[in-house]
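Open your viewer and get ready to select residues. We will stop at a few places, one after another.

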Amino acid sequence: MQRVVSVVAHLGFRLQALPPALCRPLSCAQDVLRRTPLYDFHLAHGGKMVAFAGWSLPVQYRDSHTDSHLHTRQHCSLFDVSHMLQTKIFGSDRVKLMESLVVGDIAELRPNQGTLSLFTNEAGGILDDLIVTNTSEGHLYVVSNAGCWEKDLALMQDKVRELQNQGRDVGLEVLDNALLALQDLGAGSGGSSPGNSSSEKPRGEAGRSAPGGRPLPVRE
């Protein structure tokens, strides 16, 4: 199981003024790739950087994939998932918005409780998976895949505009957060709410979620 925590104060951009870099991530073919706040850390610990969904991310560290996998299974690892699309859905009709796009009972989520869900099309076909959290701050915090950034954001933006045209109270911000996910045998218990810093340290180990989804711990 994974617990997702935000570790840097966010820089929010309203729907009406989204910068081009947030509306559409940089292509892997472009010279300039976006970097997560842990980019220098990855380099310092031997991360082999590759282009993925417009970001420069480590595909492997000094340890073998097998060693990294076993370390995560036996201890724990941190995953730098800052490249993922993070959105804030606010307004009194925020639940109506999300329940029109995903499966699951978003209205029944307790404060700071999240759920794995799916974006679906009008025929019920699966578009992408995501995590929706009902924060205690009065908004929904949504994390979805970087590889589906464009279509996921467009899907939510279109629904926001549709509901706003109906006079509904709903809005959307794209968040430029650093984001870490902790994976270990006990990651399902407790944890910090999205938007708050986490003081938890994985026993001197840090890790990285590579494009293939492999945990790659690094010894400091």
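A nonpolar core is a set of buried Ala, Val, Leu, Ile, Met, Phe, Trp, Tyr and Cys residues joined through side-chain atoms within 4.5 Å. Keep in mind that this model is predicted.

**Stop 1: the largest core.** Select Ile-89 and Met-98. The largest nonpolar core has 23 residues, and these two, Ile-89 and Met-98, touch the most other members. Now colour the elements that each give two or more residues to this core: strands E4 (55-60), E6 (85-90), E8 (126-134), E9 (140-144) and E10 (171-175), plus helices H4 (94-99) and H5 (149-165). Which element gives the largest share? Helix H5 does, with five residues.

**Stop 2: around Ile-89.** Zoom in on Ile-89. Set aside its neighbours within four places in sequence. Ile-89 is then in contact with Arg-94, Leu-97 and Met-98, with His-139, Leu-140 and Val-142, and with Met-156, Val-170, Gly-171 and Leu-172.

**Stop 3: a second core.** Next select Val-81, Met-84, Tyr-141 and Leu-179. They are among the eight residues of a second, separate core.

**Stop 4: Asp-169.** Go to the loop between H5 and E10, where Asp-169 sits. Why does Asp-169 count as partly exposed? Its relative accessibility is 42%, and partly exposed covers the range between under 20% (buried) and over 50% (exposed).

Show what Asp-169 touches. Beyond residues up to four places away in sequence, the list is Phe-90, Gly-91, Ser-92, Asp-93 and Arg-94. Pick the C-alpha atoms of Asp-169 and Phe-90: they are 8.2 Å apart, though the residues are 79 apart along the chain. Finish at Ser-92. The side chain of Asp-169 reaches the backbone nitrogen of Ser-92 at 3.0 Å.

Methods. Residues are numbered from 1 along each chain as its sequence is written. This is a predicted model: local features need pLDDT of at least 70, side-chain atom pairs count only at pLDDT 80 or more; totals for chains, interfaces and linings use all residues. Side-chain values use heavy atoms; hydrogens and water are left out. Buried means under 20% relative accessible area, exposed over 50%, partly exposed in between (1.4 Å probe, protein chains only). Helices (H or I, at least four residues) and strands (E, at least two) are DSSP runs, numbered from the N terminus. Contact means heavy atoms within 4.5 Å. A polar contact is a pair of N or O atoms within 3.5 Å; within protein, one must be able to donate a hydrogen and the other to accept it, and residues adjacent in sequence count only if both atoms are side-chain atoms.
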